[in-house]
Amino acid sequence: MLRPVIIDPVNLSYPLGNTPAVCLTQDLPPGTSADVLLLGCGDARNVLFTIYSELKSAKKFTFACCDIQATTIARNILLYTLILEYAEETNIETIWKIYYDLFLEDESSRLLETHVQILLSLSESLGSWKNGKYGNFIHFYDETTFKQIKAIWGSYAVGRLDADQKRSYERAYRAGIRRAQDKRKQVIGDSDPMPLLRSVFPIFTPDAARAIAPLYEQYWRNGTTAGYTSDDLVPNPTFAPAVLEPLTLHYGTHPLAGFHLATASAPLAPGSPLRSSEPHNSTMSKATLAAQEEFREWANSFRLSVRQNMANLYFVASDAISFCHTLQNMTKNGGNNISANWYRDSWHVDPLILNGGNGRQERGPIVFDVIDTSNLSDHIGPLNVLLSAAPLLKRRSTSTLYTELLVRKDADFQKLIENLLCGDCAAMSVLLGLFPVEYWTNASLASTFPDTVLQMLSNPNNSGNSQGQMRNRIAWKRSVFSTALLSTLHAYKVGFDESLLADVIFNVASEMFKHEDIHESLTLTSEGLRNITFPCYTRASVAALLGIVKSRASVDWTTFMSRFIERLNSKNSRLGNHCLNEVLVSLYLCGIPTAEILKPPFDNMERSHSSRGISNWKDVPPVVAMTVRIPRAKVNALRDAAEKTLIAPALIVSVQSSGRSSTEFQQDLFQSIQLSFGEPALSGTREEDNFSLRFSEDPNGISGNSDMFVSFYIATSQILHGPETKTVALRVMNTMIYAFKYAQFFGPDLKVFETDLESQDNIYISKFLPNQSGYPSVSASADSLTQSFSANYDRMSLTADLQRGHIKTLTGRVTIVMPIIKSLLTNRGLVASTQQSACAIRITIGQGIDIGTYTLQFPTPVRLSLGKTRVARKSGYVEVEVPLVHPTEIDRFPDFMFPTDVEAGQPIIWNAPWLNLDRSPILDGSFIKELSWINTITSQMFSSSERSLREKSMTEEDTTRNDVRVDFKDSIFSMFMHFTGLQGHPARIFGINLPLHGSGINMLIFVSGIRIDLSNQNVILDSALLPLTIDLVRKIAPTLGSLQDKGLCSITVDERELQLWKTILPVFIERCRTHRHRPSCEYGVSEQIPISVEPSKPFVCGCGRGEFPANFIDGLPEWHVLSRYCVRAAISPVFSVPYVDKPFDVSAYAPSVMSPERCNKCGQTNSMRGGSLLRCSRCRLVRYCSDECQKADWKKHKSVCNAC
């Protein structure tokens, strides 16, 4: 409904993920149990890695897994049960083969057959499954999903086929693999696939890149990860079940893409997690061995978690949008309404009914702490994803929704964020009630280096013609940083000028359909054309957006809608042109007040077309369903055209009228359509209100022999009113790409089939769509905010000032109702406003004992110093008007990298993913030469602009004008360089030193080692922080004095940087915390984090002191005394966000990594002295055949060398 229906004759299958696994719960506080929704869940990697990462964290997980491909869900449940049943050490390699290899040898095939029989024996009914041995942790949202999964498992039993059937199946299976390879050549040619390359980060060296380069071709050539050929092996039916229509594997499929291959190249310390103890097998690559070691640990963790009843999984095979709106409807109705009259997908009329359990407990969660949407934004549009999923977030400040873009659609990262929400990101995020954390903070602990490099590799000459990927993952939080505010009346709406807001929404909606403007398409780059090749939105998406706006904006709705409809009717309106009626129908279905066009006086309407049946209904609704039969011959013609053009067509329906004069001509287009294949069973007569269609569907769908049926909602007035002659046609959507490709088959109007509205054979009109009993519920407004306030309490409100689609200022108002405070205001009590944080301003009225304090929470960073405070003493309110701080201006709040708060005595951290250090690989520091890549990744902290500031600061004596974020990053860079010995003298004890004010070293940091943050592809200094206060220094002075000759490295800072260190170190402590905060925790008592930023004052709480693994710091006698005052911290490079601040151009570096080893100047492959090439001693990334070539190349190489 919210996205166009696309007919794709190539049934692409996505059995394996193509990005490294992430910890789904990393943005939740440690020890917090979580309900996690995975939309487009894909394979099992993220679930397994999350459980591995969180093991022993006392978190209990409930994963709700939704995927439109039931085959993917069937494979995942197979894997989970295999792990639970057989994952002892001797069987793990066999389980690996069953899940990852395209072809199986006898042992794996036998185990698969055996286990499938177990699953089938437990699956006689949903009830028997619940009572079986896996039913306590694997659940189904609905019975249809269960039946689909059971049928797929049955198709795995290839051994029951006779010899001819087996040969036929194997031929079809191998043909599917060839189709995938052909598809790859069509899409990306012979270029190297990016997924495997992405998995080697944070290590990105020539050797690491070249080691994985041949693995992609090897897997697709041999069909196994072990390296041997598939000639004597049998097809793995889990990739292509025998009874289903032919599947074509996605061309990017590779088992290793979902793992963290850095462990294959990194020198891991003895005893490190994920360090393989097995000798290198010559038939298997080091990368494959590393992936198998990680898989083994995932399996062990999963088995332990399930046995401890710490993990539950719920499954549904459904379109993500349908599932979300069904859950929204359940939320709106107290969890009781299990149907929202949505279909499971766009190609079947199978209603999604969540009938898998009795009662709320059995049915599974309906609201969530975490929602991961994979890269669905590429396929269904970011706005559709947010509109559908965001209302399902729990009303907690820690709740997080992740979106991800993977397909390259824009020239660079900056263009990406501009196009993400089809409008100004700040204004749209305010309207959606969401806070894109990385966008506003311009900071990330997830390395942005991989995708910066891969973007350069896919488009090395900035040609704008890249076919590669450009990954972008964004965490969205609730826009109010307080669970208390989110759950009370203070979660206020935002006021707007109705006319200006209508213009903003109209412009956003127009941007959603820019692909319909052929003239504009002619001006687009290749990325722009790729962005509009497969449209993501329908007019129903606009209605859903308006539903959210209605719930979030405080406006006069009648005035707003009048202006919006006026813009729709404007002459050059792309949005309303031929589609106005569908917009109005969609608004009606969403329960949004619309123009009277949908509510005509039916009693007085001319009903001359009696043969249409509907004219005889007793109760004629404003909107009815129309179903159109498309003959099989036309369906085949459409499918054949799609196969020849290699571009899957988006379909629309036109309803066209032509009367006695040209002025009566009218054409209305409908994009929100539903397909089905089969034959309808009619209930009742066309002249009766209860006339309906029930379908018996053709299981072969578009590949079968039955007719196709297209259903959609239409205004009743369009049927009963107007010219006598009306036709209904199925067309290919008219965009530049489709017109160019499909006009040769269907003419310039792209008409596939046309019939008369009066046709009894081809047209069916009913109240509701086939197999449905009501209108679909678009329940985005179920998350609406309460705007009513008690007359006895003070209240707060927000108003936004819009200019040219952007929010210029926000005005927060506190209206005083309580008599005591109102008296203070009236009697000229002191009124003060102070900036409490980037997003909060505190208003105080009065002083001393008699004081009223209010905190205005803003949905974006704002700047009080440029704002105005107004006091209306007679009217009884105080308001503050403040401008927004754009992300590029966030240096005004240098500490706004990791927003913090205290709730119920517990610290809440945004933007700092939690990390289980004891599950993170440890690097062996004795291999200095093999750690040179750390220089590269840490230097990438600095954006292009920050790099310029850094270079400038090195030449100026006045350090007071330095950028404090740049100084802070430089200090972290120095710590990594000194600890590894890559630059300067080696050190493992660091002192943060403020010499100017005589306070000296304010804290000591003892580094145990460097670990790899696998989820975020970053590196970590596993450290112990010793905060130094005056009292503590006096107490342990002799011990501190003995550190002077232990290689203490002093990091000199100014006062601003010291304050930043004191702000961020509590975050670095919290992100690796395993301890619990005491009831008397200083954070809770002071209600702030840090406690103080003043020199020599305590800034971290005392919780967790002295809690370290054994032998955390070796060879330091003083450690046994100092450790009791220390707390563990995970110090990481902090990266700028590439779509906010342009990253440093690594294009000169990136190609050299993938190219053969050649002299960077002349291209020779051997040294002039004979033997191997010489490396640049500074960056160790490029090679030269001689000193002369190195000197000649220095001018060109200098900038890259300095950067790396």
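Tutor: Rings of Phe, Tyr and Trp count as a pair if their centres lie within 6.5 Å. Keep in mind that this is a predicted model.

Student: OK. How many aromatic pairs does the structure hold?

Tutor: It holds 47 aromatic pairs. One of them joins Trp-129 and Tyr-134, with 6.1 Å centre to centre and 45 degrees between the planes. That pair is tilted.

Student: Are Trp-129 and Tyr-134 buried or exposed?

Tutor: Trp-129 is buried, and Tyr-134 is too.

Student: Which cluster do ring pairs build around Trp-129?

Tutor: Ring pairs link Trp-129 and Tyr-134 with Tyr-80, Phe-137, Phe-140, Phe-146, Trp-153, Phe-302 and Phe-315.

Student: And what about Tyr-439 and Trp-440?

Tutor: They form an edge-to-face pair. The centres are 5.0 Å apart, and the planes make 75 degrees. Tyr-439 is buried, as is Trp-440.

Student: Switching to charges. What sits over the ring of Tyr-402?

Tutor: The charged end of Arg-473, 4.5 Å from the ring centre. Elsewhere, Arg-950 lies over the face of Phe-973, at 5.2 Å from the centre of that ring.

Student: Now the nonpolar core. Which residues touch the most other members of the largest one?

Tutor: Phe-63, Trp-153, Trp-1061 and Phe-1068, in a core of 165 residues. Helix H2, residues 70-86, gives the largest share, 11 residues.

Student: Why does this core lie between domain 1 and domain 5?

Tutor: Because both domains give residues to it. Domain 1 covers 69-121 + 140-250 + 283-317, and domain 5 covers 900-1131.

Student: What is Phe-1068 in contact with, leaving aside neighbours within four places in sequence?

Tutor: Leu-445, Phe-968, Ile-972, Ala-1129, Ala-1130, Ile-1131, Ser-1132 and Val-1134.

Student: Which residues does the second core include?

Tutor: Leu-387, Tyr-537, Phe-560 and Ile-843 are among them. That core is separate and has 124 residues.

Student: Last topic, strands. What order do the six strands of the open sheet take?

Tutor: E17-E16-E27-E28-E33-E32, with mixed pairing. Strands of a sheet pair through backbone hydrogen bonds, either parallel or antiparallel.

Student: Which strands are at the edges?

Tutor: E17 (553-554) and E32 (868-872). Each of these pairs on one side only.

Student: How many bridges join E32 and E33?

Tutor: Five, in the antiparallel sense. Strand E33 spans residues 877-883. Across that pairing, Val-871 stands opposite Val-878 in E33.

How values were computed: Residues are numbered from 1 along each chain as its sequence is written. This is a predicted model: local features need pLDDT of at least 70, side-chain atom pairs count only at pLDDT 80 or more; totals for chains, interfaces and linings use all residues. Side-chain values use heavy atoms; hydrogens and water are left out. A nonpolar core is a set of buried Ala, Val, Leu, Ile, Met, Phe, Trp, Tyr and Cys residues joined through side-chain atoms within 4.5 Å. Buried means under 20% relative accessible area, exposed over 50%, partly exposed in between (1.4 Å probe, protein chains only). Helices (H or I, at least four residues) and strands (E, at least two) are DSSP runs, numbered from the N terminus. Domain bounds come from an automatic or database domain assignment. Contact means heavy atoms within 4.5 Å. Rings of Phe, Tyr and Trp (its six-membered ring) pair if their centres lie within 6.5 Å; planes under 30 degrees apart count as stacked, over 60 as edge-to-face and the rest as tilted. A charge sits over a ring if NZ of Lys or CZ of Arg is within 6 Å of the ring centre and within 35 degrees of the ring normal. Two strands pair if DSSP finds at least two bridges between them.
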